[in-house]
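Hello,

Here is the structure we talked about handing over. Please look through it first; my notes on what was found follow below.

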Amino acid sequence: MTVESRLRVRVSEKDVHYAGGLVNGAWVLGLFGDIATEVAIKYDGDEGLLAAYTSIEFLSPIHAGDFIEATGRITRVGNTSRTMDFEARRV
């Protein structure tokens with residue numbers, strides 16, 4: 001059973017953290033947290049919490065006005081844990 005969630009959002013001026021209209025990378029991690037909650041509800045019937053991120057790569061900057069599509073999916077299921085993959089792209 002593949003469980004996936006997707007969000008598409010527009011980056012607001014209020015999300016800007018750095019000069020040049022750049023957004024803090026933690027903003028994207030917030031999206032991943034929202035997706036993880038939805039995926040946990042779909043899969044387990046209750047929300048869950050992220051315990052750790054294994055690897056994070058920021059490959060391009062995000063600016064106010066950009067549209068970001070973030071996805072997350074369960075890739076492994078343990079007895080009390082779930083492993084998920086996340087990705088955010090400018091669209």
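**Surface and overall build**

The chain has an accessible surface of about 6,200 Å², and 49% of that belongs to carbon and sulfur atoms. Accessible areas come from the Shrake-Rupley method with a 1.4 Å probe, and for residues only the protein chains shown count as cover.

This is a predicted model, in which local features need pLDDT of at least 70 and side-chain atom pairs count only at pLDDT 80 or more, while totals for chains, interfaces and linings use all residues. Residues are numbered from 1 along each chain as its sequence is written, and side-chain values use heavy atoms, with hydrogens and water left out.

Helices (H or I, at least four residues) and strands (E, at least two) are DSSP runs, numbered from the N terminus. Along the principal axes, the C-alpha atoms fill a box of roughly 45 × 20 × 20 Å. Of the 91 residues, 24% count as buried (buried is under 20% relative accessible area, exposed over 50%, partly exposed in between; 1.4 Å probe, protein chains only). Among contacts (heavy atoms within 4.5 Å) between residues at least 6 apart in sequence, 63% join residues at least 24 apart.

**The largest pocket**

The largest pocket has a volume of about 1,200 Å³. Of the 42 residues that line this pocket, Phe32, Tyr53, Asp85, Phe86 and Glu87 are the closest to its centre. Two or more lining residues come from each of β3 (22-23), α1 (25-44), β4 (67-77) and β5 (82-90). The largest share, nine residues, is from β5. By type, the lining divides into 23 nonpolar, nine polar and ten charged residues.

On the terms: a pocket is an open set of points on a 1 Å grid over the protein atoms alone, where a 1.4 Å probe fits, with protein on both sides within 12 Å along at least five of seven lines; lining residues have an atom within 4 Å of a point. Grid points are joined across faces, edges and corners, and the volume is the space filled by probe spheres set on them. Ala, Val, Leu, Ile, Met, Phe, Trp, Tyr, Cys and Pro count as nonpolar, Asp, Glu, Lys and Arg as charged, and the others, Gly among them, as polar.

**Individual residues**

Ser5 is in strand β1 (residues 4-10) and is buried, at 3% relative accessibility. Its side chain makes a polar contact of 3.0 Å with the side chain of Glu38 (a pair of N or O atoms within 3.5 Å; within protein, one must be able to donate a hydrogen and the other to accept it, and residues adjacent in sequence count only if both atoms are side-chain atoms). Leaving out residues up to four places away in sequence, Ser5 touches several residues, including Ile35 and Thr71.

Thr71 belongs to strand β4 and is also buried, with a relative accessible area of 7%. A 3.5 Å polar contact links the side chains of Thr71 and Arg73. Beyond neighbours within four places in sequence, Thr71 is in contact with Ser5, Arg6, Ile35, Asp85, Phe86 and Glu87.

Thr75 lies in strand β4 as well, but is partly exposed at 42%. Its C-alpha atom is 32 Å from that of Val16, 59 residues apart along the chain.
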